[in-house]
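Open the model in your viewer and keep the sequence panel beside it. The tour goes from one selection to the next and says what is found at each stop.

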Amino acid sequence: MDTMRERFASTVSRLLDDDPRLAVVLAEIGKDGFADALRAHPDRVINVGIREQLLVGVGGGLALTGMRPILHTFASFLVERPFEQVKLDFGHQGVGGVLVSAAGSYDWPAGGFTHMAPGDVALMDTLDGWTVHVPGHPDEAEALLRDAAAAGDDSVYVRLSAHANAAPRAITPGRFLTVREGRDGVVVAVGPMLDGVLAAVEEGEGLDVTVLYATTVRPFDGRALRAATGAAATGADGAGTVAAGTDVVLVEPYLAGTSTAAANDALADVPHRVLGLGVARRELRRYGTMEEHLAGQGLDPGSLRGRIAGFLSRRR
């Protein structure tokens, strides 16, 4: 199976052939994947070098001319380092584009903390009007990239990862997908966290929970969450109401609690509890494998099982 980044390069290279409005802007990282596209479209594949603020500025300038720019580098260099340019050159200017990141929370541990950005989605969440996609498989990444490229003048952030689920799902951009139904609570698994969540809730006798799969986290699909929580609070015989209380667990591959406010807003008129699981705020100073980071953050299946089960057992 190819990686999400490899699928990104091949998909966008084909899109450049078909849509003269598209342009790719790189900051050295990822340039090898666009070598053929550069030869075919030298005026629409631009490498600005290791200048991330310029990367975003050039993208914003292209958007002002009516182009649809697609910008790519590591998340720490695409969102955190040039955040002022993202805020001003896109948001304040009222233009859109597609930001595609890689190496999000700890995809490349050997790169150290400088190459990790677990706070990227939370930071993008401070801006108005951005769609945020978090695919969990290369096939889903392709579908979401195609949707983003065709999204008129909208602003879209696509968060790619080396961490992937074993198989793709039949996703719809902007919607959560129900992959498992239960009555004791709802678990929202974001992108590459789905396999781990399913392994956690299905271990042993299993937890009687609904699992929603989210590959678009902004806008947050509050309607799907409300529907799922209503089902979770109603017994098999139809008895019970949402007023009895609803438990929601968010499992995100970035900063823990990033979507807690969105979930709370979606359920503002009903009693509920929300647990946000993800990457802790503490700074990472030891770098192992991705699997070791997942375990260290309590995001491996065994840890997730204990944390989800413990939360559900502490009902009011």
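Buried means under 20% relative accessible area, exposed means over 50%, and partly exposed is in between, computed with a 1.4 Å probe on protein chains only. Residues are numbered from 1 along each chain as its sequence is written. The model is predicted, so local features need pLDDT of at least 70 and side-chain atom pairs count only at pLDDT 80 or more, while totals for chains, interfaces and linings use all residues; side-chain values use heavy atoms, with hydrogens and water left out.

**Stop 1: confidence.** Colour the chain by pLDDT, the predictor's confidence in each residue, from 0 to 100. The chain average is 93, and 95% of the residues score at least 70. Now select residues 235–244, where the pLDDT is below 50; this stretch has twelve contacts in the model beyond near neighbours in sequence. A contact means heavy atoms within 4.5 Å. Where pLDDT is low, the predicted coordinates should not be read in detail.

**Stop 2: alanine 103.** Select alanine 103, in the loop between strand E4 (98–102) and helix H6 (120–124). Helices (H or I, at least four residues) and strands (E, at least two) are DSSP runs, numbered from the N terminus. Is alanine 103 buried or exposed? Alanine 103 counts as buried because its relative accessibility is 6%. Its phi is near 55 degrees, a positive value in a residue other than glycine.

**Stop 3: the largest pocket.** Alanine 103 is one of the residues lining the largest pocket, and others to select include Thr3, Phe74, Trp108 and Leu160. On a 1 Å grid over the protein atoms alone, a pocket is an open set of points with protein on both sides within 12 Å along at least five of seven lines, a cavity is a set where a 1.4 Å probe fits but cannot get out, and lining residues have an atom within 4 Å of a point. Helix H1 (residues 4–18) gives the largest share of the pocket lining, three residues. The space in this pocket is about 190 Å³.

**Stop 4: the largest cavity.** The structure holds one cavity of 30 Å³ or more. Select Ser105, Tyr106, His163, Pro253 and Met290, which are among the residues lining the largest cavity. About 80 Å³ of space lies there. Volumes are the space filled by probe spheres set on the grid points, which are joined across faces, edges and corners.

**Stop 5: histidine 137.** Move to the loop between strand E5 (130–133) and helix H7 (138–149), where histidine 137 lies. Histidine 137 is buried, since its relative accessible area is 4%. Beyond residues up to four places away in sequence, histidine 137 touches Met1, Met4 and Pro168, among others. A polar atom of its side chain lies 3.0 Å from the backbone nitrogen of aspartate 139.

**Stop 6: helix H8.** Select helix H8 (residues 194–202), whose buried residues include Leu194, Val197 and Val201. The elements that the buried residues of H8 pack against include strand E8 (186–190), E11 and helix H12 (301–313). Just after H8, glycine 204 has a positive phi of about 60 degrees.

**Stop 7: valine 249.** Valine 249 is in strand E11 (residues 246–255). Its relative accessible area is 1%, so valine 249 is buried. Leaving aside neighbours within four places in sequence, its contacts include Val187, Leu275 and Phe311.

**Stop 8: proline 219.** Finish in the loop between strand E10 (216–218) and helix H9 (222–232), where proline 219 is found. The peptide bond from arginine 218 to proline 219 is cis, with omega near 0 degrees.

Terms used. A polar contact is a pair of N or O atoms within 3.5 Å; within protein, one must be able to donate a hydrogen and the other to accept it, and residues adjacent in sequence count only if both atoms are side-chain atoms.
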